[in-house]
Amino acid sequence: MSQPTKLYYNTKSVYSSIIRLYFHEKGVTVDETVHLDLGKGEQNTPEYHKVNPFTKVPVFVHGPIVVPDSRDITRYAEKAFANLNDLAPTHPEKANRILNELHTLRMAILTYGVANEQEAETKKELLNQFKARRSALKQAIDNYPDIAEDLKKKLQGTDKLLETMQNFEQVQEEWGRTEELFKWIDTHLENRTYLDGTKYTYTDSHFTSILSRISHCGHRRSILQYPNLARYWKEVQGRESYKMVFDIPCNISDHPEECTCR
Ligand SMILES: N[C@@H](CCC(=O)N[C@@H](CS)C(=O)NCC(=O)O)C(=O)O
């Protein structure tokens with residue numbers, strides 16, 4: 001690992017946590033970490049736009065190579081750090097399918113979205129945080145004319161999300177889709193400890209972070225109703241990597257500030 005390494009991340013971001021879990025399991029020690037406060041809009045600056053024009057985290061930098069996107073980072077690092085722990089799936093096609101399915105889940109809708117009157121109450125504070133992020137984005141559009149075009153596109157996406165998040169029916173649909181996928185994974189896990197079989201792979205880092213978000217945002221039942229998935233969830237939480245990344249108690253009712261992402 002002779003080239004310098006750098007990770008741009010946020011502690012509350014699902015996708016950043018995937019990489020932090022994965023690096024811990026892989027044995028990658030990053031030379032420099034840069035924490036971006038997404039609520040304050042630190043990702044929407046011209047400097048960071050040069051690193052990642054999509055202005056999102058995580059981004060991994062390895063010498064001259066810049067890799068945005070958690071899926072690409074895990075695939076890249078598996079090859080670049082082949083001398084470290086082997087976390088490559090032994091069934092790449094199946095792993096890719098699972099990974100792609102997991103990344104169709106709309107985590108922002110699941111995190112902030114309100115599915116009923118009760119959630120409209122319990123998630124009020126959370127939704128306000130999302131709205132504050134939108135305000136920071138609007139401010140950045142005014143402050144940074146050079147990147148304003150990209151930021152305006154992002155604002156359009158943000159507004160669509162905000163609308164969906166407040167539509168009970170659409171949020172319920174998203175939970176329905178999520179539980180369908182969980183049901184399928186539950187069957188897949190019937191004779192397997194991890195998604196690949198007996199071997200922990202990077203696909204598990206992706207799934208663990210997603211499960212953590214679902215659990216911490218008041219939807220534990222969506223996991224625990226499936227016996228194999230419940231067993232898997234317990235297993236991955238017992239790993240050192242989980243404790244390192246998610247050692248902060250996180251429950252929307254008592255720690256709303258710890259449950260943010262989009
Ligand atoms: N497909 C990307 C998604 C990255 C992403 O959505 N990151 C969120 C945090 S979890 C982000 O940076 N949001 C900042 C913003 O939209 O302003 C990945 O897998 O890394």
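Quick housekeeping. Because the model is predicted, local features need pLDDT of at least 70 and side-chain atom pairs count only at pLDDT 80 or more, while totals for chains, interfaces and linings use all residues. Numbering runs from 1 along each chain as its sequence is written. When I say helix or strand, I mean DSSP runs numbered from the N terminus: H or I of at least four residues for helices, E of at least two for strands.

Okay, helices. Two packed helices are described by the angle between their axes and the distance between the axes. Here the axes are lines fitted to C-alpha atoms, for helices over the stretch in contact, with angles from 0 to 180 degrees between N-to-C directions.

So how do α4 and α10 cross? Helix α4, residues 92–102, and helix α10, residues 202–216, have axes that come within 10 Å and cross at roughly 25°. That makes α4 roughly parallel to α10; the label goes to angles under 35 degrees, with over 145 being roughly antiparallel, 65 to 115 roughly perpendicular, and the rest oblique. The crossing of α4 over α10 is left-handed, which is to say the near helix is turned anticlockwise from the far one by less than a right angle, clockwise being right-handed. On the α4 side you've got A95, I98, L99 and L102, and they meet T203, H206, F207 and I210 of α10. Contact here means C-beta atoms, placed from the backbone, within 7 Å. That contact has six nonpolar residues, two polar and no charged. For the classes, Ala, Val, Leu, Ile, Met, Phe, Trp, Tyr, Cys and Pro are nonpolar, Asp, Glu, Lys and Arg are charged, and the others, Gly among them, are polar.

Now α10 again, with another partner. Helix α1, residues 14–26, packs on α10 at about 135°, axes 8 Å apart, and the pair is therefore oblique. This crossing is right-handed. From α1, the residues are V14, S17, I18, L21, Y22 and E25; among their α10 partners are H206 and I210. The tally for α1 with α10 is six nonpolar, six polar and two charged. H206 and I210 also turn up in the α4 contact.

On to the backbone. Most residues other than glycine have a negative phi, and most peptide bonds are trans. T55 is buried, with 23 other C-beta atoms within 10 Å; the cut-offs are 20 or more for buried, 12 or fewer for exposed, and partly exposed in between. In that α2–β3 loop you'll also find P58, joined to V57 by a cis peptide bond with omega about 5°. Then there's D69, phi about 85° and again not a glycine, sitting between β4 and α3. D69 is partly exposed, with 18 C-beta neighbours.

Last stop, G39, in the loop between β2 and α2. G39 touches Q129, A132, R133 and A136, leaving out residues up to four places away in sequence. G39 and L137 are 98 residues apart in sequence, yet their C-alpha atoms are 9.3 Å apart. With 16 neighbours, G39 counts as partly exposed.

Notes
Two residues are in contact if their C-beta atoms, placed from the backbone, lie within 7 Å.
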